[in-house]
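Here is a short tour for anyone meeting this structure for the first time. Have a look at the sequence and the fold, then read on.

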Amino acid sequence: MIKWKRLLVGASIFYPISWVIQSLAGIPIFDLYNEVLYVAYEVIYEWWDWILISIATFMSSKNIIEVKYETMELIRRNRFFSEIERWANTPYVPPILFFYLINPPQSVSSKIEKTIDNRFYQMIINFFRDRIYINAEYQSDTPYERLPLWRVIGIKELVKTILIYTIVFFWFSSVCFTDLSNWINGWERFTLPAVIYFSLYIAMKMQAYFDMTYAKMDRVLTQTFSQPEPLVRWRELFIDHHRGQTVLAAWEAEREKRQRYTDLYRNGFVPDTITHFTNPALAPYPYPYRELPTWIDDMDAHYQQKSLEWEKQKVVKNQMRKKKKNNGNIIDFQSKRKPS
């Protein structure tokens with residue numbers, strides 16, 4: 001939009017200048033300029049409708065990829081909280097949380113302003129701070145079943161997408177079945193920017209849904225941990241543990257990088273040494289305090305006790321399963337004997 005304004009202002013300024021040049025130097029630049037303007041006027045007069053349609057289509061759809069990125073951000077956030085609830089009754093850190101702690105998530109969009117303002121990692125660290133030094137009770141060593149993807153995406157989100165798709169499909173079909181020439185000559189052609197925008201909108205939504213499947217998440221986790229669901233205890237992420245130090249190192253690196261991008265975007269340069277961290281989207285220090293809790297030994301003892309209970313329960317379940325299987329294989333020959 002700014003470039004078009006500059007072009008129009010420049011063209012307006014050049015008009016009297018061309019007349020002065022022609023009057024003083026005798027160069028027919030003013031006449032040539034008038035001829036160019038007349039040709040432009042004829043083109044606009046003849047094709048004003050399609051010029052308007054093209055401009056409207058371009059302006060409405062030029063950032064359509066952001067629809068995909070915003071949808072992926074929404075699903076990523078919903079999936080994170082879903083996994084938190086899924087592992088809440090276990091002594092283990094949700095694998096996706098552990099992954100984010102050692103690989104700070106970035107903005108899905110590549111725009112620098114969204115990169116520096118994205119608060120997903122900040123939300124993760126805030127949750128981690130609130131949970132890490134809580135000696136929570138747990139009853140199981142296995143998480144709950146995963147929610148189906150459609151629930152993670154959200155019913156409201158899916159209904160909106162389906163409704164837009166239905167409206168666009170029926171409108172496009174009705175025009176095509178009535179008279180295809182209406183897209184060229186009828187008033188229906190002025191709806192083309194909306195049809196194109198919402199068609200791309202649906203395509204971006206579908207791409208986002210397929211890009212955020214559980215299969216792709218498990219693939220990333222497997223590449224990082226050699227398994228999709230590593231069992232990492234909360235105790236292993238305390239600040240005195242090497243994994244806790246990894247979390248801290250990842251936080252420091254992310255904070256420094258985010259502030260560098262912030263300085264570059266806002267000031268146009270990056271200082272040699274960053275001493276002021278001014279970005280409000282920066283994550284806080286990962287641990288609520290630097291001292292370790294006094295109940296660490298009790299936490300470890302409780303976990304050992306629970307582990308023994310779970311092992312006994314597994315042995316009993318296996319014995320019952322084998323017994324049931326053996327009983328199912330026994331044939332009652334007495335009941336199958338024919339009466340004499």
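## The cores

The largest nonpolar core holds 42 residues. Such a core is a set of buried Ala, Val, Leu, Ile, Met, Phe, Trp, Tyr and Cys residues joined through side-chain atoms within 4.5 Å; buried means under 20% relative accessible area, with exposed over 50% and partly exposed in between, using a 1.4 Å probe and protein chains only. The residues with the most contacts inside this core are Phe 80, Leu 97, Leu 101, Phe 128, Ile 132, Leu 237 and Tyr 287. At least two residues of the core come from each of H3, H4 (95-102), H6 (120-131), H7 (149-153), H9, H10 (214-225), H11 (242-267) and H12 (296-329). Helices here are DSSP runs (H or I, at least four residues), numbered from the N terminus.

Take Phe 128: leaving aside neighbours within four places in sequence, Phe 128 is in contact (heavy atoms within 4.5 Å) with Leu 101, Trp 234, Leu 237, Val 247, Pro 286 and Tyr 287. Apart from the 42-residue core lies another one, of 12 residues, among them Val 175, Trp 183, Ile 202 and Met 204. In soluble globular proteins, nonpolar side chains tend to be buried together.

## What kind of model this is

This is a predicted model, where local features need pLDDT of at least 70 and side-chain atom pairs count only at pLDDT 80 or more, while totals for chains, interfaces and linings use all residues. Residues are numbered from 1 along each chain as its sequence is written, and side-chain values use heavy atoms, with hydrogens and water left out.

## Where H4 meets H6

H4 and H6 pack at about 115°, their axes 10 Å apart. Axes are lines fitted to C-alpha atoms, for helices over the stretch in contact, and angles run from 0 to 180 degrees between N-to-C directions. The crossing is left-handed, meaning that the near helix is turned anticlockwise from the far one by less than a right angle (clockwise would be right-handed).

Which residues of H4 and H6 make the contact? H4 brings Leu 97, Tyr 100 and Leu 101, and H6 brings Phe 120, Tyr 121, Ile 124, Ile 125, Phe 127 and Phe 128. They divide into 9 nonpolar, no polar and no charged. For this count, Ala, Val, Leu, Ile, Met, Phe, Trp, Tyr, Cys and Pro are nonpolar, Asp, Glu, Lys and Arg are charged, and the others, Gly among them, are polar.

## Where H3 meets H9

The axes of H3 (residues 65-86) and H9 (residues 192-211) come within 8 Å and cross at roughly 35°, this time in a right-handed way. On the H3 side, the residues in contact include Ile 65, Thr 71 and Ile 75; on the H9 side, Tyr 201, Lys 205 and Ala 208 are among them. This contact divides into 9 nonpolar, 2 polar and 3 charged residues.

Thr 71 of H3 counts as buried, at 2% relative accessibility. A polar contact of 3.0 Å joins its side chain to that of Lys 205. (A polar contact is a pair of N or O atoms within 3.5 Å; within protein, one must be able to donate a hydrogen and the other to accept it, and residues adjacent in sequence count only if both atoms are side-chain atoms.)

## Two residues of H2

Ser 61 sits in H2 (residues 29-61) and is buried at 12% relative accessibility. Its side chain makes a polar contact of 3.5 Å with the side chain of Ser 60. Thr 57, also in H2, is buried at 16%.
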